[in-house]
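Visitor: Please show me the protein that we are to discuss, and guide me through it by question and answer.

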Amino acid sequence: MALESSVLAQGLPIPENAEAARRMTDAVRAAGALPAITAVVRGQLALGLTADELAHFLRRDGVHKVSARDLGVAVARGFDGATTVAASLAICRLAQVPVFATGGIGGVHREPAFDESADLLELSRTPTIVVCAGAKSILDLPATLERLETYGVPVIGYRTDEFPGFYTASSGLRVPARADSATEIVDIALAHWTVAGQPSALLVVQPPPAAEALGRELVDAAVASAVADAAARDIRGAALTPHLLAAIAQATGGRSMRSNLALLEANAALAGEIASHLAARTPEPSRPT
Ligand code: PSU
Ligand code: MN
């Protein structure tokens with residue numbers, strides 16, 4: 001199963017990014033699955049990093065943020081690139097990786113400027129189970145859910161009826177379906193792909209661990225000031241998401257970061273469990289002779 005690298009190189013500060021990488025990969029292994037971090041390493045698409053490569057990405061000097069549209073440029077120019085959910089899903093599609101975990105997906109941004117993450121488009125065309133804690137309330141969550149419906153992406157609440165708001169368990173929005181076990185999730189994914197013939201991802205949303213979740217008022221206030229600050233400085237495009245994340249970490253006195261680390265670990269653990277169940281249900285891929 002796959003993990004992204006943009007959250008490590010752009011989403012979290014040093015040294016918490018190293019803690020995130022360690023906790024996620026340990027959680028996947030503890031669930032009996034094999035973690036592989038996606039990236040572009042000196043122009044090569046990578047599924048799994050060596051210890052040296054990971055250390056370089058965690059130091060992040062000269063590491064570009066790479067979305068799906070940037071993969072060709074990064075390969076042709078020989079860049080090092082940390083892959084967003086969108087670019088990581090493109091790699092999952094190429095390598096037929098069936099399970100992927102992240103913290104929060106990108107989505108439809110709030111006003112003032114139109115901005116919609118390519119994560120949504122790649123979810124529409126990648127048959128991979130994606131485990132996340134919903135999308136951050138830096139985004140327009142109702143519009144993000146509507147877009148997921150348009151794109152044919154099932155949203156499955158893991159032990160919840162609500163779409164989580166990343167740092168918070170509740171967003172006030174209901175999910176269209178719920179599952180209470182990894183086997184139920186695997187059943188739905190196999191039915192979605194093989195019986196219904198759908199080409200899209202299955203988005204599994206899990207609330208952040210209760211002990212580290214933040215209150216909705218705290219998050220709403222931090223988000224409002226982060227969004228206003230980004231608008232005042234006219235920050236747009238690929239720089240917007242990393243800027244908002246850093247502003248929220250500052251506004252919550254680092255509490256958002258503790259919850260970010262805890263939910264990354266929990267999502268990796270659930271994805272590892274799903275990958276183990278899926279492997280037990282599907283035949284071994286045929287190996288070239
Ligand atoms: N959510 C997080 N941390 C992150 C991201 C999302 O909690 O670092 C990253 C992911 O890699 C996601 C990307 O795919 O931000 C979305 O960026 P954009 O909005 O530019 O598509
Ligand atoms: Mn964008």
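Predicted model: local features only at pLDDT ≥ 70, side-chain atom pairs only at ≥ 80, totals over all residues.

Guide: Residues are numbered from 1 along each chain as its sequence is written, chains are lettered from A and ligands numbered from 1 in the order in which they are written, and side-chain values use heavy atoms, with hydrogens and water left out.

Visitor: How many helices and strands does the protein have?

Guide: Helices (H or I, at least four residues) and strands (E, at least two) are DSSP runs, numbered from the N terminus. On this basis the secondary structure comes to 11 helices and 10 strands.

Visitor: Which radius of gyration does the protein have, and what would a compact globule have?

Guide: The radius is taken over C-alpha atoms, and the globule rule is 2.2 Å times the number of residues to the power 0.38. The C-alpha trace spans about 60 × 45 × 35 Å along its principal axes. For 289 residues the rule gives a radius near 19 Å, so the protein agrees with a compact globule at its value of 18 Å.

Visitor: What percentage of the residues of the protein count as buried?

Guide: Buried means under 20% relative accessible area, exposed over 50%, and partly exposed in between (1.4 Å probe, protein chains only). Of the 289 residues, the buried share is 53%.

Visitor: Among contacts between residues at least 6 apart in sequence, what percentage join residues at least 24 apart?

Guide: Contact means heavy atoms within 4.5 Å. Among the contacts in question, the share that joins residues at least 24 apart is 73%.

Visitor: Which element gives the largest share of the shell around ligand 1?

Guide: A residue is near a molecule if one of its heavy atoms lies within 4 Å of it. There are 15 residues around ligand 1, and the closest are Glu 4, Ser 117, Asp 119, Lys 136 and Thr 241. By class, the shell has four nonpolar, seven polar and four charged residues; Ala, Val, Leu, Ile, Met, Phe, Trp, Tyr, Cys and Pro count as nonpolar, Asp, Glu, Lys and Arg as charged, and the others, Gly among them, as polar. The largest share, three residues, comes from H1.

Visitor: What percentage of the accessible area of ligand 1 does the protein cover?

Guide: A polar contact is a pair of N or O atoms within 3.5 Å; within protein, one must be able to donate a hydrogen and the other to accept it, and residues adjacent in sequence count only if both atoms are side-chain atoms. An oxygen atom of ligand 1 lies 2.9 Å from a polar side-chain atom of Lys 65, an oxygen atom of the ligand is 2.8 Å from a polar backbone atom of Val 85, and a nitrogen atom of the ligand is 3.1 Å from a backbone N or O atom of Gly 104. Of the 470 Å² that ligand 1 has on its own (Shrake-Rupley method, 1.4 Å probe), the protein covers 94%.

Visitor: With which side chains does the side chain of Glu 122 make polar contacts?

Guide: Glu 122 is found in helix H6, residues 118-124. Glu 122 counts as buried because its relative accessible area is 3%. Its side chain is joined at 2.8 Å to that of Arg 93, and at 2.6 Å to that of Arg 125.

Visitor: Which side chain makes a polar contact with the side chain of Asn 267?

Guide: Asn 267 lies in helix H11, residues 255-281, and is buried, with a relative accessible area of 0%. Not counting residues up to four places away in sequence, Asn 267 touches residues including Ala 101, Val 131 and Gln 206. The polar contact, at 3.0 Å, is with the side chain of Gln 206.

Visitor: Which backbone oxygen does the side chain of Ser 259 reach?

Guide: Ser 259 lies in helix H11. Ser 259 is buried, with a relative accessible area of 1%. At 3.3 Å, its side chain reaches the backbone oxygen of Ser 256.

Visitor: Is the peptide bond from Ile 14 to Pro 15 cis or trans?

Guide: Most peptide bonds are trans. Pro 15 is in the loop between H1 and helix H2 (16-30). With omega near 5°, the bond from Ile 14 to Pro 15 is cis.

Visitor: What is the phi of Arg 42?

Guide: Most residues other than glycine have a negative phi. Arg 42 is in the loop between strand E2 (36-41) and strand E3 (44-47), and is exposed, with a relative accessible area of 59%. The phi of Arg 42 is positive, near 45°.
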